[in-house]
Amino acid sequence: MKIHYSPYFDGDHYIDFQLRKNLLIDELVVGNSGLLSELELRGGFSCECLSGIERQANYYNAVKLVAEAQKDCFIKKSFQIDEYGVASELMRWRDELILAGWKAAIKGVSEKLDFIADVENIAFKESLGIKGESDRWISLMESETFFFTKDDELIIHFPEEHLPPYMIAYFRRLASLGLKCSYMDSDKSIAAPGTNLEKIQRAILMKKEGAIDQLDPLDKKSFRILRFDWRTSALEWVVTKNNFEGTVFINSDNRSFDNVQMLFANPLSGSSLSNANPEIVQIFKLGCSLFVKPLNIYNLLSYLQISRHPLPYSLRRELIDVIISEGGIVNDKWKEALNEYIKNGDENEAERKHRIKIFLPLTYDSENEIKIPDLQEYVKSLRTWASQSVIIMSGNAAGKDIELVLNQLSSLVNFCNAFLIILNGQTAEKISSGKLKSWILSIYKPTNYSGASPQQKSRFVIESPAAFADTAESVIWMDCFNGTPEASVLKFLGRAEREALLNYGLLLWSEEDQIKSQLFEQKLAILKCRSEFTIIVSEKDKGEKLNAHPVMIQLAAQFKNLNCIESVNTLPEGASFEIPRCDLPEIPVMVDMEQKGLFKPRLTESYSSISLLIQTPLDYVLNYQACLTGQSVIEMSDEKRTMGNVAHLFVETLANDSGNELPNMKQAIKQDFQNRFGKAVLQKGAILLLDENRILLTRFAYQLKQSVASLLDIIESNGLTIIGCEAVKECVVRNIYPMEARIDMLLKDKAGNYIIFDMKWTGSKSYFDRLILENRALQLEVYSEILRLSEPGSIVAAAAYFDLSRGILITSHHFQGMNIREVTPKSNMNIAEQAFNSFSYRWAQLQDGKIEVADGMELEQLQYTIDSNQLNLFPLESDYSNKSLKAANRFSDFSTFKGGLK
């Protein structure tokens with residue numbers, strides 16, 4: 001058998017099947033991993049190795065044992081900061097040393113290497129699995145067994161001088177034992193003599209730097225350079241290149257290329273996800289992060305939105321809706337959703353309760369430390385679910401992207417296994433949130449996953465310029481930028497350590513040779529091309545400037561007229577056509593449905609719906625009639641609105657829990673404010689628990705405590721009695737329209753008359769003052785009117801805004817005490833009567849099929865304004881910067897429908 005080997009053949013590699021007449025009989029093409037597996041199979045070698053993640057976990061436990069025993073070890077300070085990260089780096093050093101021939105018995109070289117040797121010994125003593133691919137190679141290299149036949153041949157497609165020393169030594173040993181080993185050196189140009197490609201191949205093969213023959217400006221076929229301002233433009237050019245049959249494309253990350261090919265309806269070339277965080281594996285870090293205090297609500301939302309999940313989608317959808325609409329968890333709607341699932345799920349009630357307990361690990365106590373047994377139970381259950389999913393899906397392998405899903409689930413199992421190794425090695429019962437976060441970030445690493453498979457008649461793409469088993473007729477290098485070589489192997493060794501290890505006979509790969517090897521790998525594609533080579537250079541990608549590639553730097557130094565074969569921003573091939581301009585729609589004055597009686601009255605109207613119908617009828621129709629009320633996660637980012645919701649809930653629960661008794665409320669504030677505040681934040685303002693809102697949350701707690709104290713003082717100073725919070729009153733206006741008022745705080749004075757307090761959290765110091773001054777405090781007047789109608793004979797003595805953000809009562813009524821701002825209205829017009837007139841007016845328009853928009857248009861030209869005096873309608877709001885124009889709804893979700901897209 002002929003074994004073709006190169007360190008760059010593990011991924012996709014080029015074989016000229018046309019030249020070989022589609023035959024590859026008794027030949028094998030392998031890279032490092034493939035060669036290792038083949039040799040182990042031939043020799044009957046077996047080495048029990050865990051996944052890389054599990055190895056790291058075991059190595060961490062071994063390092064921890066040694067570090068705790070050696071109090072003043074060299075990693076003491078760094079290990080205290082990032083235990084797992086330090087252990088992972090040490091394991092990388094250990095693997096590189098093993099390949100070089102290092103043994104744990106080598107002592108006295110340095111404190112660093114002695115520590116690694118101690119870790120090796122303790123791992124052996126404690127039976128911790130830390131062996132990996134390095135150990136497998138060493139087992140082969142040290143074996144006396146020869147497992148080749150006389151017909152076997154090893155063909156190495158990479159120069160001996162550029163291989164790692166241990167591979168050179170191993171191949172020489174195999175050759176000395178009788179295996180035929182040969183190197184396919186690219187030591188001469190293969191392009192047609194006199195062409196630019198041949199000149200460049202000769203230049204690359206030169207041992208010394210220096211210019212040779214100048215390039216021929218007329219020969220832009222054998223070798224050309226295409227420069228593009230943007231990476232996407234370069235990819236589009238490649239996709240529109242029609243003649244590509246037989247061309248080899250080089251692209252280190254093919255995901256973006258496949259995305260562009262998909263847009264142009266081209267067959268996909270196949271791609272992998274490099275350093276990726278695909279959706280399903282994220283359930284590990286997101287699920288474990290739910291144990292961290294305080295809760296990160298966005299992590300919980302992301303956790304619930306993962307497509308494959310131990311919890312059913314129906315429950316997760318309900319919980320997501322609750323979080324978005326309510327702003328938090330453990331509120332009444334949250335509990336209602338959980339109880340509904342427990343009663344009506346597929347499993348029995350006990351199993352459903354257990355599933356919620358395990359896979360919604362949300363603790364509501366104030367303790368910051370995390371119990372390790374709880375964490376272990378979650379990780380074990382997650383591993384079991386992932387393992388079962390793999391078995392079920394493997395048995396039913398039909399479906400799109402099944403391989404990617406299975407790979408993710410397998411990675412998830414490995415993450416869980418690694419974490420359990422760490423948790424099982426802990427002696428304490430609890431850990432801090434900080435330690436848990438560091439473990440999660442250390443264990444959960446971006447990984448490579450196979451993505452889309454190559455489709456029929458697609459472009460053939462390889463990742464490395466050195467992945468050529470055969471020479472190619474035509475090559476296009478799509479990502480010739482960056483690529484600065486880096487010597488990373490054994491870089492941690494100092495000069496004295498290197499010299500000492502060399503004396504022990506270790507085969508150390510020098511930094512200079514590593515750089516030379518990488519530079520040769522980058523040039524090899526040019527040497528493997530026979531006729532046409534195209535280099536594509538991009539200046540920027542996603543806004544980031546790309547650096548010049550070493551190959552381009554060398555060519556520019558060797559050929560002074562290199563720019564004669566360059567083209568800049570070459571136009572894509574294929575037919576082009578001009579797209580006609582389409583203007584965005586203008587904002588209409590009126591939408592005519594051309595049909596009457598389309599809309600049905602609602603069961604009840606509120607102040608919000610009344611105001612919306614009067615000011616922006618289209619928003620009313622889309623919101624309340626078409627029911628386009630879907631909410632998004634983005635709405636949670638409004639911290640001011642969130643603080644208002646929390647403040648409302650705090651006051652409401654404070655009053656309810658205290659039986660609306662003022663002394664009890666004051667006592668609760670004094671003794672239990674922080675606990676009550678924390679519960680309200682969790683229920684209605686979970687985004688305030690994010691790290692970036694920590695200072696805001698502290699200031700908010702202080703503001704709210706002062707404001708509530710001010711509110712209670714005002715109530716006490718005026719002898720008021722709290723009747724209830726969120727008090728609901730209902731009536732029928734004009735015997736036609738059912739109306740409802742949900743009053744934030746309803747009180748009575750000493751005479752038994754009603755007092756209305758409407759709670760507000762605002763950034764404006766004067767907005768509500770202006771509403772009262774201009775007699776536009778419609779909410780207060782509508783609430784007062786509904787209250788009078790719901791209880792005939794009752795008297796509403798006063799209605800006021802209470803600014804929770806400042807602890808000030810804003811009112812036109814005279815109250816006793818501090819923190820009261822009394823504002824006298826300019827007129828005493830009955831604006832509640834106007835509002836009901838306007839509601840009737842707008843409803844008649846709707847029934848006629850007419851919906852007014854008119855945002856930003858002249859108020860005086862609108863029919864509503866023209867009819868206002870005669871019909872006594874409530875005035876429309878004017879634009880803030882131009883009082884002659886109708887204001888648009890700044891909070892509208894329907895701007896696109898109204899021509900507001902700019």
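1. In this predicted model, four strands form an open sheet in the order S2-S1-S3-S4, and their pairing is parallel. Strand S2 (27-30) and strand S4 (180-183) are the edge strands, since each pairs on one side only. From one strand to the next, the twist averages 20 degrees.

2. As a general principle, the strands of a sheet pair through backbone hydrogen bonds, either parallel or antiparallel. Here, strand S1 (residues 2-5) pairs with strand S3 (residues 153-156) in the parallel sense, over four bridges. Within this pairing, isoleucine 3 stands opposite leucine 154 in S3.

3. Two helices pack on the sheet. Helix H1 (residues 32-43) packs on the sheet and touches S1 and S2; the direction of H1 makes about 150 degrees with that of S1. Helix H7 (residues 165-176) also packs on the sheet, where H7 touches S1, S3 and S4. The direction of H7 makes about 135 degrees with that of S4.

4. The axes of helix H4 (residues 83-100) and helix H6 (residues 133-141) come within 9 Å and cross at roughly 10 degrees. Because angles under 35 degrees count as roughly parallel, H4 is roughly parallel to H6.

5. Which residues of H4 meet H6? They are Arg94, Asp95, Ile98 and Leu99, and their counterparts in H6 are Ser134, Asp135, Trp137 and Ile138. The residues of this contact of H4 with H6 divide into four nonpolar, one polar and three charged.

Note on methods. Residues numbered from 1 in each chain as written. Predicted model: local features only at pLDDT ≥ 70, side-chain atom pairs only at ≥ 80, totals over all residues. Heavy atoms only, no water. Axes fitted to C-alpha atoms, helices over the stretch in contact; angles between N-to-C directions. Parallel < 35°, antiparallel > 145°, perpendicular 65-115°, else oblique. Contact = heavy atoms within 4.5 Å. Nonpolar A, V, L, I, M, F, W, Y, C, P; charged D, E, K, R; others polar. Pairing = 2+ DSSP bridges.
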